[in-house]
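Biologist: Could you walk me through this model before I start working with it?

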Amino acid sequence: MVPTIKVEDVNKSYGKKPVLNGVNLTIPKGQLFGLIGPSGAGKTTLVKMIVGMEKADTGTIQVLNQKMPNLGLLQEIGYMAQSDALYVELTGEENLKFFASLFGLNKDVQKTRIAYVASLVNLTEDLKKRVAAYSGGMKRRLSLAIALIQDPKILILDEPTVGIDPELKLSIWKEFLRLKNEEGKTIIVTTHVMDEAVKCDYVAMVRDGRILTSGSPTELKALYETDDFDEVFLKAGVKQS
Ligand SMILES: Nc1ncnc2c1ncn2[C@@H]1O[C@H](COP(=O)(O)OP(=O)(O)OP(=O)(O)O)[C@@H](O)[C@H]1O
């Protein structure tokens with residue numbers, strides 16, 4: 001089977017600082033893939049390269065069998081960045097309409113998609129408010145809604161639930177699982193939070209620009225002989241250093 005995302009021998013430096021070192025990943029269609037690691041590990045840099053916003057110095061990245069960066073794939077990738085890129089003078093609804101038009105959705109589809117994504121992130125009641133008046137968590141939720149607006153095959157979500165309350169976090173994760181199970185979406189999520197990592201099908205632990213270890217949560221717990229995912233990360237780090 002052709003993987004949905006393939007990262008091969010990727011290296012990246014900013015100036016003299018190496019940020020990614022020989023990274024390899026293969027992500028099949030319909031997988032919920034977690035990239036976990038401490039701040040500064042290189043997770044954002046890696047996902048930006050998969051989206052096509054950054055270029056690898058060496059190595060290759062293929063998405064849906066095409067080499068990245070590739071503008072033709074924009075429609076197929078929903079990306080939620082760590083910092084919100086929103087038009088704060090517009091309302092939530094106007095932001096969603098803007099992105100929906102950018103992706104060429106017709107008026108009827110726009111209406112249906114906006115209603116769906118807004119309800120998913122619990123923003124239906126706030127759609128008419130200007131984003132300038134949104135809280136940090138509401139902005140995160142709107143960014144997530146925008147990532148989903150064009151119904152992309154692939155979702156790349158950089159810390160999607162930071163600043164979101166526990167109840168909504170649970171319902172958002174439930175939706176990720178539904179999107180994967182029922183719609184076959186391929187989803188990459190970066191997180192610091194181990195209880196989110198265990199919900200993924202497959203996890204890669206990143207530190208200092210390298211993949212320390214990877215596997216399903218069950219495999220990793222067995223490999224490091226612990227039920228505690230925090231401990232898996234610590235033990236993986238010790239083994240490498
Ligand atoms: N545009 C840039 N120019 C220079 N250095 C950068 C740039 N972007 C990232 N870095 C550096 O690369 C390293 C990896 O950053 P990155 O944002 O990928 O980490 P991260 O794992 O996503 O961390 P966090 O969880 O805090 O977002 C950091 O040391 C960061 O300072």
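The chat below goes from the whole chain to its parts.

Modeller: A caution first: this is a predicted model, in which local features need pLDDT of at least 70 and side-chain atom pairs count only at pLDDT 80 or more, while totals for chains, interfaces and linings use all residues. Residues are numbered from 1 along each chain as its sequence is written.

Biologist: Fine. How many helices and strands does the chain have?

Modeller: The chain has eight helices and 10 strands, where helices (H or I, at least four residues) and strands (E, at least two) are DSSP runs numbered from the N terminus.

Biologist: And what does the C-alpha trace span along its principal axes?

Modeller: The trace spans about 50 × 35 × 35 Å. The radius of gyration is 18 Å, which agrees with the value near 18 Å for a compact globule of 241 residues; it is taken over C-alpha atoms, and the globule rule is 2.2 Å times the number of residues to the power 0.38.

Biologist: What share of the chain counts as buried?

Modeller: Of the 241 residues, 40% count as buried, meaning that 20 or more other C-beta atoms lie within 10 Å of the residue's own, whereas 12 or fewer make a residue exposed, anything in between is partly exposed, and C-beta atoms are placed from the backbone.

Biologist: Which residues in the largest nonpolar core touch the most other members?

Modeller: Those are Ile50, Ala145, Ile156 and Ile188, in a core of 62 residues; such a core is a set of buried Ala, Val, Leu, Ile, Met, Phe, Trp, Tyr and Cys residues joined through C-beta atoms within 7 Å. Helix 4 supplies the largest share of this core, seven residues.

Biologist: What does Ile188 touch?

Modeller: Leaving out residues up to four places away in sequence, Ile188 touches Ile27, Phe33, Leu35, Val47, Ile50, Ile156 and Leu157, a contact being two C-beta atoms, placed from the backbone, within 7 Å.

Biologist: Changing topic, which residues surround the ligand?

Modeller: The shell consists of Tyr14, Val19, Gly37, Ser39, Gly40, Ala41, Gly42, Lys43, Thr44, Thr45 and Gln82, each with its C-beta atom, placed from the backbone, within 6 Å of the ligand. Helix 1 (residues 43-51) gives the largest share, three residues, and eight of the nine residues of helix 1 are buried. Just after helix 1, Gly52 has a positive phi of about 105°.

Biologist: Is Glu225 buried or exposed?

Modeller: Glu225 is exposed, because 9 other C-beta atoms lie within 10 Å, whereas Glu159 counts as partly exposed with 19 C-beta neighbours inside 10 Å.
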